[in-house]
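This report walks through the architecture of one protein model, beginning with a single strand and widening from there to the sheets, the cores and a few backbone details.

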Amino acid sequence: MHHDIERIPTGIPELDAVLRGGLIRQRVHLIEGRPGTGKTTLGLRYLIHGASTGQRCLYLTLSESREELLATARSHGWLLDGIAVEEIMPLPPETASAQTILLPTDTELSALVGRIADRIAESGAERVVIDSMVEVRLLARDSPHYRRQIIDLRQRLAGLDATVMMLDDLTSDGREYELQSAVHGVVTLEQLERSFGAARRRLRVVKLRGGDFQSGWHDYAIQKSEILVFPSLIAQEHRREDGVRDMSSNVESLDRLVGGALSAGSSTMIVGPSGSGKSTVALQYALAAVESGCHVGYFSFDESESTLRSRMVAHMHQDAATDEQRRFHLQRVNPSRISPGEFIWKVRRIVEDRGARLVIIDCINSYLDVIREEKSLLLQMNELFSYLSNMNVTSIIIGAHSARLDTSKEPDALSIITDNIISLRYYEHENVVHKAICALKRRDGRHEHDVCELHLTDAGIEIGGRVAVPVDEIGVANLES
């Protein structure tokens, strides 16, 4: 016989999305991770949300004092009003003073488990956090002994109306899974240090007995007053069927060169050496989209907002617009302080909250530095392109390179999965450096094959005639006049 599973929210909406609705009610859940991953913060957020809805909440601390816990809450700007905080010593004072080098006995561990269960029963709490299970494990003589006591605690809590969150530090050298196997749900927190910049935090749901969840790793961030979880993107779960908007540049010669307006939902890569005008070409499409009434998301990894605003952004007349009126959404992204999941989440917010029809990433080289440790550039970007395509959003990705296009190396490898490629290059004629542009690929139609002159002006871009001198495949310099 199947019973409906009742979920309770954790107070972190995006974590609830990963858990497909939240934790399972009246079950025991484990939050595990090494020190500094945010277990206590997550536990406090869980109880604060419960207290805000009128539920009875209890925090049992076996390691920190009440004052230390309150200080942690204050550091996040939180008050623990409506939350009972109780300290439980792993060993009673008389036992602790008598202990010397003797190992703890079975009775001591059973007594501690009994005191924990009794406190929860006496409080009538509906939400409980036990911090931390390391103190309980220290009293166990071996893994089977520890597991039996946890199962006993789980059984004693089964008749109560409590949804319990156990915290575990993972401080032992030899990893054992007796606690994971004894509880109903497990969430693992992980912190990865980078060679430079902020540490990256991510989590995954190991199991949720009797319930569905989104598998895989999900990035998260701890801010002063909040925990933000960024669920990994599953493109097939998202679709927008409210019409299509092809993206013209409003420059007739450029549209003709690339085979017409960019199709809605297509992806275009603009490649070329630094300073060749890639951002300006992308901004030309952004300007045309804004003028047609579309929202545009522009994510800049390299240039400051002031630098971009000194260019074509001024022509979009967005500085005087209110937040509701603004259609060009410029976001400066610091690659050393952001995770891949958070970046994709920012893209989703522009698309889903603002209804953006054009997304520009400038430039992909810096984004590579964000996700390089994963070695999954093509997989992540393919999922992002698929999501944008399903949402009828046109995407433009800017990539800098200084040699001929090489699809075996980053960032040129992205050209394999993009629909269109626009290539910019330099050439030298009569001791003057000029810029040139050409279309290399158009997946859904034909394009011109001419290499044309590119002129950057204060008002935008201009496409000249076919380049009159030979331009090599590298397109950098040292060409005969």
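Strand 12 is covered on both faces, with S267, M269 and V271 buried on one side and T268, I270 and G272 buried on the other. In a regular strand the side chains alternate between the two faces of the sheet. Since six of the six residues of strand 12 (residues 267-272) are buried, this strand is largely enclosed by the rest of the structure. The model in which this is seen is a predicted one.

**The sheet around strand 12**

Strand 12 pairs in the parallel sense with strand 16 (residues 394-400) over six bridges, and it also runs parallel to strand 17 (residues 420-429), to which four bridges join it. T268 takes part in both pairings, for its bridge partner in strand 16 is I396, while its bridge partner in strand 17 is N420. These strands belong to an open sheet of nine strands with mixed pairing, arranged in the order 14-13-15-16-12-17-18-19-20. Strand 14 (328-332) and strand 20 (460-466) stand at the edges of this sheet, and because each has a single partner strand, one side of each is left without a neighbour in the sheet. From one strand to the next, the twist averages 25°.

Two helices can be described in relation to this sheet. Helix 10 lies across strand 12, strand 13 (296-300), strand 14, strand 15 (358-362), strand 16, strand 17, strand 19 (452-457) and strand 20, and it runs at about 165° to strand 16. Helix 12 (residues 340-354) packs on the sheet as well, where it touches strand 13, strand 14 and strand 15, and its direction makes about 165° with that of strand 13.

R200 is found in strand 9 (residues 200-208). Is this arginine buried or exposed? With a relative accessible area of 5%, R200 falls under the 20% cut-off and therefore counts as buried. Its side chain is joined to that of D219 by a polar contact of 2.7 Å.

In soluble globular proteins, nonpolar side chains tend to be buried together. The largest nonpolar core here has 34 residues, of which L254, Y285, F328, L358, I360 and I437 touch the most other members. Helix 10 (residues 278-291) supplies the largest share of this core, namely eight residues. A second, separate core of 32 residues includes W78, V85, V129 and Y220.

For the protein as a whole, there are 14 helices and 20 strands, and 51% of the 481 residues count as buried. The accessible surface comes to about 21,800 Å², with 48% of it belonging to carbon and sulfur atoms. Among contacts between residues at least 6 apart in sequence, 71% join residues at least 24 apart.

**Backbone details**

Most residues other than glycine have a negative phi, and most peptide bonds are trans. The sites tabulated below are listed with this in view.

| Site | Backbone value | Location |
|---|---|---|
| D131 to S132 | cis, omega near 0° | S132: loop between strand 6 and helix 6 (133-137) |
| D362 to C363 | cis, omega near 0° | C363: loop between strand 15 and helix 13 (364-371) |
| N431 | positive phi, about 60° | loop between strand 17 and strand 18 (432-442) |

Key. Residues are numbered from 1 along each chain as its sequence is written. This is a predicted model: local features need pLDDT of at least 70, side-chain atom pairs count only at pLDDT 80 or more; totals for chains, interfaces and linings use all residues. Side-chain values use heavy atoms; hydrogens and water are left out. Buried means under 20% relative accessible area, exposed over 50%, partly exposed in between (1.4 Å probe, protein chains only). Contact means heavy atoms within 4.5 Å. Accessible areas come from the Shrake-Rupley method with a 1.4 Å probe; for residues, only the protein chains shown count as cover. A polar contact is a pair of N or O atoms within 3.5 Å; within protein, one must be able to donate a hydrogen and the other to accept it, and residues adjacent in sequence count only if both atoms are side-chain atoms. A nonpolar core is a set of buried Ala, Val, Leu, Ile, Met, Phe, Trp, Tyr and Cys residues joined through side-chain atoms within 4.5 Å. Two strands pair if DSSP finds at least two bridges between them. Axes are lines fitted to C-alpha atoms, for helices over the stretch in contact, and angles run from 0 to 180 degrees between N-to-C directions.
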